[in-house]
Amino acid sequence: MLEKTKLLEMYRQMLTIRFFEEKVFELYGQNLVPGTIHLYAGEEAVAVGVCANLRKDDYITSTHRGHGHCIAKGARLDKTMAEILGRKTGYCKGKGGSMHIADFSIGMLGATAVVGAGIPIAAGAGLSVKLRATDQVVACFFGDGASNQGTFHEAVNLAAVWQLPVLFVCENNLYAMGTRQSRVMVVENIADRAAAYGIPGVVTDGNDVLAVYDAAQTAVERARRGEGPTLIECKTYRQKGHSRFDPAAYRPKQEVETWLSRDPIARLQTRLLETGVLTQAEIEQLSHKTKTAVDEATKFAVDSPFPDPSEALEDVYAP
Ligand SMILES: Cc1ncc(C[n+]2csc(CCOP(=O)(O)OP(=O)(O)O)c2C)c(N)n1
Ligand SMILES: [Mg+2]
């Protein structure tokens, strides 16, 4: 088992992401979120298990489902929430919104609405690390759907050829919008695709933060030694629909129930209680503290002004 402080920090981060996403869903219902939202609830163990192995100067790239990646890499809750609500105090001055959050100061290279677009960016960041001869690593999050884009195959191949320090982390939540993986792929494990590029491919339980942590640890050590990339497939499930109020009627009821019973937060919590790392009272305290942090971030965002229309073209072009 990992040391107590690490376990507690991972638990706190997963809880934070869950409460944050619940709040975003609530605010969306109140018409406070411009555009759309893609919630990460149910997949928290992936971002947290991977990022717990990263340093502040390591990089990540993200997706359209990126709030959890930001929080796990150390983004501020208030600036993240403000960006989602389109406020001037947000990470991109309210002009990016939910799918375009970036913070270079913590190595968060950006979310993107273009499926698969973050994958070559991660390879590029890996190349920059190699050219600068540092021991930084890059973790690249993407979905099962994105793994069918050409960008995935091109970027993984080049990263393998050049032995770039990249973790390709596939969040296989079984669906790309309403399309089930088995309708668009003959292989069952996306990690098997690693063989085509001569790199290790690992399948892991994406709803078990300790399993994700272990897989990422091995891959990070390999990358820091200069031995190249790893493909990690995390089997997971989004608890809500694809976006907005998608009722996800295309998913069998039994399947949803099975995955809800594997909730990553409840699983870690049971383990922490059983092993005596945390007591029930401590869990309640932590839960209260985390909820308060999300509420404070929400208040900050809601009280913040919108950007002025005159600023619309600022930060769009390089000076
Ligand atoms: C290049 C491109 N094609 C299509 C879309 C529309 N689209 C948005 S999300 C999505 C599904 C992505 O599925 P996956 O990669 O599995 O990620 P998940 O939503 O399951 O996290 C699609 C097709 C897009 N945004 N970009
Ligand atoms: Mg998917």
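Helix α2 spans residues 44-51 and is largely enclosed by the rest of the structure, because eight of its eight residues are buried. The buried residues are E44, A45, V46, A47, V48, G49, V50 and C51. Buried here means under 20% relative accessible area. The model is a predicted one.

R18 lies in α1, which covers residues 4-29. R18 has a relative accessible area of 11%, so it counts as buried. What does R18 touch, beyond its neighbours within four places in sequence? It is in contact with A41, G42, E44, Q239, D263, P264 and I265. E44 is also among the buried residues of α2.

Now turn to the metal. The magnesium ion (ligand 2) is coordinated by three residues: D144 through OD, N173 through OD1 and Y175 through O, at 2.1 Å. Along the chain, these donors follow the spacing D-x28-N-x1-Y. D144 and Y175 link distant parts of the chain, 31 residues apart. D144 sits in the loop between β2 (138-143) and α6 (150-161). Y175 belongs to strand β4, residues 175-176.

Next comes a point about the backbone. Most residues other than glycine have a negative phi. L174 has a positive phi of about 75°, although it is not a glycine. It lies in the loop between β3 and β4. With a relative accessible area of 17%, L174 is buried. In the spacing of the magnesium donors, one residue stands between the N and the Y.

Q163 also has a positive phi, of about 50°, and it is not a glycine. Its place is the loop between α6 and β3 (166-172). Is Q163 buried or partly exposed? Its relative accessibility is 40%, so Q163 counts as partly exposed.

A link across the chain comes next. G226 is found in the loop between α8 (209-224) and β7 (230-235). G226 is partly exposed, with a relative accessible area of 38%. How far apart are G226 and P165 in sequence and in space? They are 61 residues apart in sequence, but 6.5 Å apart in space, C-alpha to C-alpha.

The last stop is a pair of helices. Helix α4 covers residues 77-84 and helix α11 covers residues 280-303. Their axes come within 8 Å and cross at roughly 50°. Angles of 65 to 115 degrees would count as roughly perpendicular, and those under 35 as roughly parallel. The two helices are therefore oblique to each other. The crossing of α4 past α11 is right-handed. Which residues meet there? From α4 come L77, D78, K79, M81 and A82. From α11 come A293, V294, A297, T298, F300 and A301. By class, the contact has eight nonpolar residues, one polar and two charged.

Conventions. Residues are numbered from 1 along each chain as its sequence is written. Chains are lettered from A and ligands numbered from 1 in the order in which they are written. This is a predicted model: local features need pLDDT of at least 70, side-chain atom pairs count only at pLDDT 80 or more; totals for chains, interfaces and linings use all residues. Side-chain values use heavy atoms; hydrogens and water are left out. Axes are lines fitted to C-alpha atoms, for helices over the stretch in contact, and angles run from 0 to 180 degrees between N-to-C directions. Helices (H or I, at least four residues) and strands (E, at least two) are DSSP runs, numbered from the N terminus. Angles under 35 degrees count as roughly parallel, over 145 as roughly antiparallel, 65 to 115 as roughly perpendicular and the rest as oblique. A crossing is left-handed if the near helix is turned anticlockwise from the far one by less than a right angle, and right-handed if clockwise. Contact means heavy atoms within 4.5 Å. Ala, Val, Leu, Ile, Met, Phe, Trp, Tyr, Cys and Pro count as nonpolar, Asp, Glu, Lys and Arg as charged, and the others, Gly among them, as polar. Donors are N, O and S atoms within 2.8 Å of the metal (3.2 Å for Na, K and Ca); water is not among the atoms, so sites may look incomplete. Buried means under 20% relative accessible area, exposed over 50%, partly exposed in between (1.4 Å probe, protein chains only).
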